[in-house]
Amino acid sequence: MLNYALKRLGLAVVIVSLAMLMLFCMIYLIPGDPASVALGPRATEAMREALRIKMGLDQPVWMQFWNFYIGAWSGDLGKEVLSSRPVLTVVLEQLPFTLALIAGGISWSVALGIPLGCWAAVKRGSLADRVVGILSVAVIAVPSFVIAIYALLIFAVALRWLPAIGAGEPGNPGDQILHLILPSLAVGLGWVGYIARMVRASMLEVLEASHIRTARAFGLPERQITYRYALSIAILPTVTLLGVGIGQMLSSAVFAEIVFARPGVGKLVYDAILTRNFPVVTGAVLVTTVLFVLLNLIADLIVGALDPRVRSSF
Amino acid sequence: MSEAVSSPPARQSGPGRALRRLLREPLGVFAILLVALVVFGAIFADLLTQYDPTRINPRERFSPPGADHLLGTDQLGRDLFARVLHGGRIALYVALVSTAISLAIGIVLGLIAGYGPRWLDNLMILVFDAVKSFPTVMLALALVTLVGPSLTAVMVVVILVNVPGYARIIRTQTIALKTSEFVTAAQSMGASSARILRVHVLPNVIGPLVILASMDIPVVIAIEAGMSFLGLGVRPPTPSWGSILNDGFSNIRETAWIAVAGGLPIIVTTLGFTFLGETLRDVLDPRLKGRG
Amino acid sequence: MRTLAIDNLNVVFSTEEGPLHALKNVSFEVPENRIVGIVGESGCGKSTLINAVLGLLADNGRIAEGTIRFEGKTDLVGLSPDRMRALRGQRISTVFQDPMGALNPVLSVGRQMVNIQYRSGLSRAEKQARAVEMLRLVRIPDAEAALRRYPHQFSGGMKQRIAIAMALMMEPALLIADEPTTALDATLEVATIELLQDLQKKIGCSVLFISHHLGVIAELCEDVVVMYAGEVVERGTVRQIFNDPRHPYTRRLLECDPARQSRRTRHLPTIPGEIPDLRARPGGCIFAPRCDRAHSACAAPQPERDCGDHHFARCVLAREPETADGRA
């Protein structure tokens, strides 16, 4: 287990390093001087030169990358252009909002997707199965920002059931959850479809297994066989799927944060682009990438911990 | 997916037979209707409406749908029906061009990784994984920061998102074919690597890949609309479904019609292409079942 | 009294290519406290028979005709799913062929053994004690610790013994053992057979033992039922079947048994031909197409013929004992 974890961790480090290299290349090797981009057209040559030295742009390229690389690993993602606050601090301030949003999305997708997929598998071939199948494909296909806008339109603007803007009053969990419902639905709805399909497929496979026949031969109630004996195996692959899903949910979260005017990393990057706050963009992209790789890693390890077969084969 | 294609000759299935089977599926017929509606609207946009999608008419701001304006007008009085039709052109253009480019690049990289030396293969796989480890929107945001919003930026994002997947599929199948008898035979007869790849490997790997790529079209359309929605894609006043949706979002307390008009074509198109792809895949190639 | 009495059982599956007559006119009995073996090649309908008895036929299968009387009274045919389930695991238990897949991989052995006692009314501790007792009975070392372990942590032979312990835990009247030793190697096979024999005496249940391995059948069983292509072709005591087979199929089966080859032969004899397509059964004797002694009378449907002393064979030649050269 430890060996496996270390191997996966090593791979994660390599991938993050490569991501850093690419980010660096994008910023420094694509035409356009970051200093002039940051300062805008009205800056004087002297101002630009000063900023260039401050940003280390006068050094050779490989040296710049090395500085960037070492700095990033030690948590130094540069300083925000306007307030000069460390980028890492700024990003970490916003991160909890995004994580709450993704957790909400996962809750929706698990709470709806697993029962729907299980139901479709048990009623295989029926009308219910077909309807669940078509709906799953439909919610996967429709982009999350369309869902976000329509949810805003229907539930917040037209029906006025739920709040439309912000993350809720700080220190008031009830209000915060109320503000989380619509954005997290927009983030998680597509994943209801993915999970329903995945659970259905793996349920069908598990229900054919010979240990299920054994359980039936022992006269166990069909409900217990379905939920305790089959589903507990069939949901294992969804954990890995969610690991991948979180990456896509990060993308959806950007839209949800903008549409519902919520604080969060996505909104931070978006605003940073509009204000040309360069280091914040790189920093936030890097943090989310690390987060993504890390969550994938955790998902893999959780599968290991849940499945006794995998657990001991490490 | 790894063993999708394992044996020559390239799978042969009559297009006529496939089409008949597709038409037997109610969902397939529904999908064809949706896609046809979108394609028809985009091609004949100029004939279907006399309005100019970019002409501003302040006196007719926020008109609700009616006989004059089928889908109403936006905050600048532009006809939404005309904007939706012309937006379809942009969406389909981006989808077709960038998918084609992604396929071309993916095939070349995949062949190189699969047929080339081991170290190069490992390196490329690592790079593909790293590219995929960026969340799509973050990739788009980072890129647009540097090159500015444009249709080209949208296409670059699409290509970056799609290429690793295509290349991996081609690579896996190339490796599977590399050791097969007919490739070994060609090698023993002194055929060059390039010729082996072109004549023996490519025809066998390309079929399933094209199906998969066509199934990615709704994703591409979503990326274009999404980036235009964020103001990172098509520049105003050019109509795009995403920018119409953004107009609707900005004026959502004024009128719901703009947002509805922007979202509807996105829903119709993504559903149409997705259902079409799903049914096509089931009809043509059951081996691909279960992907995604 | 008879634990199980199957009379004229017919099972039909509906398939895309038409109905498949999987079991035809199957009749035999499992007397109380006796071990009855069913022998036949793969595809002879052994599994269908088990599923029909357990009420676990696939959705496309149905019992077209016949009765399955259990403990002299209940007819299992047409029993409601709930009442059938009440018997399964309680009065009728099963040990399946594949010990690797027969236990749920993500639940501990103890959990699975406690779960199947859900009708016993015992407390959790009592259920666990019962499970430990059974594991000891099948000679699982360190039984308490074994409860906490998962199936993959046991060897194949141990898993099969655990499966046997689970099957016998509720002291059923009938144990169905579906090729329980096929997946095990020879030494384990002998040990498992001895264990089964031992436990059967202790608990006093009847056993329906299914195998294609004649040696095991001869060793363990008292009565034998020979099946071919979904029909019972011959049945009788072990002595009758092995020493005085009356059906040509039984004779060929005995000839083909590697254990009965007196000296090393270069080629193991096999029965020429294949099992007929059950969607298109021949009108007469089912074995006639492969039989070296078939003649015109075989084209007519064959009833079971009494060869005396509860020995039956479905063959026109049934009443002619085998001669010294193996020919009638």
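Residues are numbered from 1 along each chain as its sequence is written, and chains are lettered from A in the order in which they are written. Because the model is predicted, local features need pLDDT of at least 70 and side-chain atom pairs count only at pLDDT 80 or more, whereas totals for chains, interfaces and linings use all residues.

The model has an ipTM of 0.81 and a pTM of 0.78. Per residue, the predictor's confidence is expressed as pLDDT, on a scale from 0 to 100. Chain A has a mean pLDDT of 83, with 91% of its residues at 70 or more. Within chain A, the helix α5 (residues 87–122) has the highest confidence, at 92, and α14(A) the lowest, at a mean of 58. For chain C the average is 85, and 94% of the residues score at least 70. Where pLDDT is low, the predicted coordinates should not be read in detail.

Secondary-structure elements are DSSP runs, numbered from the N terminus: helices are H or I runs of at least four residues, and strands are E runs of at least two. By this assignment chain A has 14 helices and zero strands, and chain B has 12 helices and zero strands. Taken along the principal axes, the C-alpha atoms of chain A fill a box of roughly 85 × 55 × 35 Å. The C-alpha trace of chain B spans about 75 × 50 × 30 Å along its own principal axes.

Contacts between chains follow one criterion: two residues are in contact if their C-beta atoms, placed from the backbone, lie within 7 Å. Two pairs of chains touch, and the most contacts are between chains A and B. There, 40 residues of chain B are in contact with 41 residues of chain A. On the side of chain B that touches chain A, α5 (118–132), α6 (136–147), α10 (217–229), α11 (241–250) and α12 (257–284) each supply at least two residues, and α6(B) gives the most, with 10 residues. That side comprises 28 nonpolar, nine polar and three charged residues. In this classification Ala, Val, Leu, Ile, Met, Phe, Trp, Tyr, Cys and Pro are nonpolar, Asp, Glu, Lys and Arg are charged, and the others, Gly among them, are polar.

Chain A also touches chain C, with 17 residues of chain A in contact with 20 residues of chain C. The side of chain A that touches chain C draws at least two residues from each of α9 (210–217), α10 (222–234) and α14 (308–313) of chain A. Here α9(A) gives the most, with seven residues. By class, this side of chain A has eight nonpolar, five polar and four charged residues. No contact joins chain B and chain C, and their closest C-alpha atoms lie 19 Å apart.

Within chain A, helix α11 (residues 236–259) packs against two helices described here. Axes are lines fitted to C-alpha atoms, for helices over the stretch in contact, and angles run from 0 to 180 degrees between N-to-C directions. The axes of α11(A) and helix α13 (residues 278–306) of chain A come within 8 Å and cross at roughly 170 degrees. The two helices are therefore roughly antiparallel, a term for angles over 145 degrees, while those under 35 count as roughly parallel. Residues in this contact include A:Leu236 and A:Leu250 of α11(A), and A:Phe292 and A:Leu306 of α13(A). The residues of the contact divide into 12 nonpolar, five polar and one charged.

The axes of helix α7 (residues 144–158) of chain A and α11(A) come within 9 Å and cross at roughly 25 degrees, so α7(A) is roughly parallel to α11(A). Among the residues that make the contact are A:Phe145 and A:Ile149 of α7(A), and A:Phe255 and A:Val259 of α11(A). This contact has seven nonpolar, two polar and no charged residues.

In chain C, eight strands form an open sheet of mixed pairing, in the order β6-β7-β8-β3-β9-β10-β12-β11. Strands count as paired if DSSP finds at least two bridges between them. At the edges stand β6 (92–95) and β11 (305–306) of chain C, each with a single partner strand, so one side of each is left without a neighbour in the sheet. β11(C) runs antiparallel to strand β12 (residues 312–313) of chain C, joined by two bridges; C:Asp306 has C:Phe312 as its bridge partner in β12(C).

Notes:
Angles under 35 degrees count as roughly parallel, over 145 as roughly antiparallel, 65 to 115 as roughly perpendicular and the rest as oblique.
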